[in-house]
Amino acid sequence: MKRMGMIFRAKANKALDRAEDPRETLDYSYQKQLELLQKVRRGVADVATSRKRLELQLNQLQQQSGKLEDQGRKALALGREDLAREALSRRAALQQQVTDLETQHATLQGEEEKLTLAAQRLQAKVDAFRTKKETIKATYTAAQAQTRIGEAFSGISEEMGDVGLAIQRAEDKTAQLQARAGAIDELLASGALDDQSGMHKDDIQAELDRLSGGTDVELELQRMKAELAGGSPQQAIEGGSGESQSQQQPQDTPRFDKQ
């Protein structure tokens, strides 16, 4: 079971490592830092609100304390010593509250200063992390692009490998078709295969066609000569044929003497 668990964790770790994108991880960390900074700022605002509320209460208590002091003096001036004593007693109770509120105010003010300093430091760290994050992302993107370009040039990438295989298959098929076409031409020329279309001619037929074409050219040439000499084309052709026939007869014709 321990071995199975280790294998499962190793497989899961490998899958997560393959699926993890450092740029996304950096963006997520930056987002979390921004959320923490927002919470710290919100805490500073809450402490500042509490401090302001204490300041308002202190102002009210101080106003009441001053009012009781005036009332005690007026009562004493009117000979009402009892009222003056009561006013001073109430003023003393208010002074105790003022002292307590001042202590709380000083504590809140100290907490506010600490939180403000912490927020400033955290803001500086977040700004530095953002700069470093963008630098790392740019470097990672450039390295990834350079790796892909190198793989494309070397042909080890999956896409370029498929392209290379397709080119190789196309070249193999082209070479096979060229070899087949050359073999068929050789078989047709040797007469091993019959040309069903009637377009192919063997060597003898080609020689006969060439001689026939040459005779036509000679006849046309004789006709043109007759036209230039002023004779009829038919006489020129017949004369040309007679000349050709006389040329074709052997020179040493045997003679028979009359006895």
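Figure 1. The protein exposes about 21300 Å², of which carbon and sulfur atoms supply 55%. Accessible areas were calculated by the Shrake-Rupley method with a 1.4 Å probe, and for residues only the protein chains shown count as cover. This is a predicted model, in which local features need pLDDT of at least 70 and side-chain atom pairs count only at pLDDT 80 or more, while totals for chains, interfaces and linings use all residues. Residues are numbered from 1 along each chain as its sequence is written, and side-chain values use heavy atoms, with hydrogens and water left out. The secondary structure comes to six helices and zero strands, in the order α-α-α-α-α-α along the sequence. Helices (H or I, at least four residues) and strands (E, at least two) are DSSP runs numbered from the N terminus. Of the 259 residues in the protein, 13% are buried; buried means under 20% relative accessible area, exposed over 50%, and partly exposed in between (1.4 Å probe, protein chains only). Among contacts (heavy atoms within 4.5 Å) with a separation of 6 or more, 70% are between residues 24 or more positions apart.

**Figure 2. Helix α2 and the residue Gly79.** The 56 residues of α2 should span 82 Å at 1.5 Å a residue, and the end C-alpha atoms are 82 Å apart, which agrees. The expected span is 1.5 Å times one less than the number of residues in the helix. Just after α2, Gly79 takes a positive phi of about 85°.

**Figure 3. The largest nonpolar core.** Seven residues make up this core: Leu54, Leu58, Leu61, Leu68, Leu94, Val98 and Leu101. The elements giving two or more residues to the core are α2 (22–77) and α3 (81–154), and α2 supplies the largest share, four residues. A nonpolar core is a set of buried Ala, Val, Leu, Ile, Met, Phe, Trp, Tyr and Cys residues joined through side-chain atoms within 4.5 Å. Leaving aside residues up to four places away in sequence, Val98 touches Leu58, Leu61 and Gln62. A second, separate core has six residues, including Val40, Ala119, Leu122 and Val126.

**Figure 4. The surroundings of Glu112.** Glu112 is found in helix α3 and is buried, with a relative accessible area of 14%. The side chain of Glu112 makes a polar contact of 2.4 Å with the side chain of Arg51. A polar contact is a pair of N or O atoms within 3.5 Å; within protein, one must be able to donate a hydrogen and the other to accept it, and residues adjacent in sequence count only if both atoms are side-chain atoms. Not counting residues up to four places away in sequence, Glu112 touches Val47, Ala48 and Arg51.

**Figure 5. The side chains of Gln144 and Arg23.** Gln144 lies in helix α3 and is partly exposed, at 24% relative accessible area. A polar contact of 3.3 Å joins the side chains of Gln144 and Arg23.

**Figure 6. The aromatic pair.** The structure holds one aromatic pair. Tyr30 and Phe129 are stacked, 6.5 Å centre to centre with 15° between the planes. The pair links distant parts of the chain, with Tyr30 in helix α2 and Phe129 in helix α3, 99 residues apart. Rings of Phe, Tyr and Trp (its six-membered ring) pair if their centres lie within 6.5 Å; planes under 30 degrees apart count as stacked, over 60 as edge-to-face and the rest as tilted. Tyr30 counts as buried at 15% relative accessibility, whereas Phe129 is partly exposed, with a relative accessible area of 22%.
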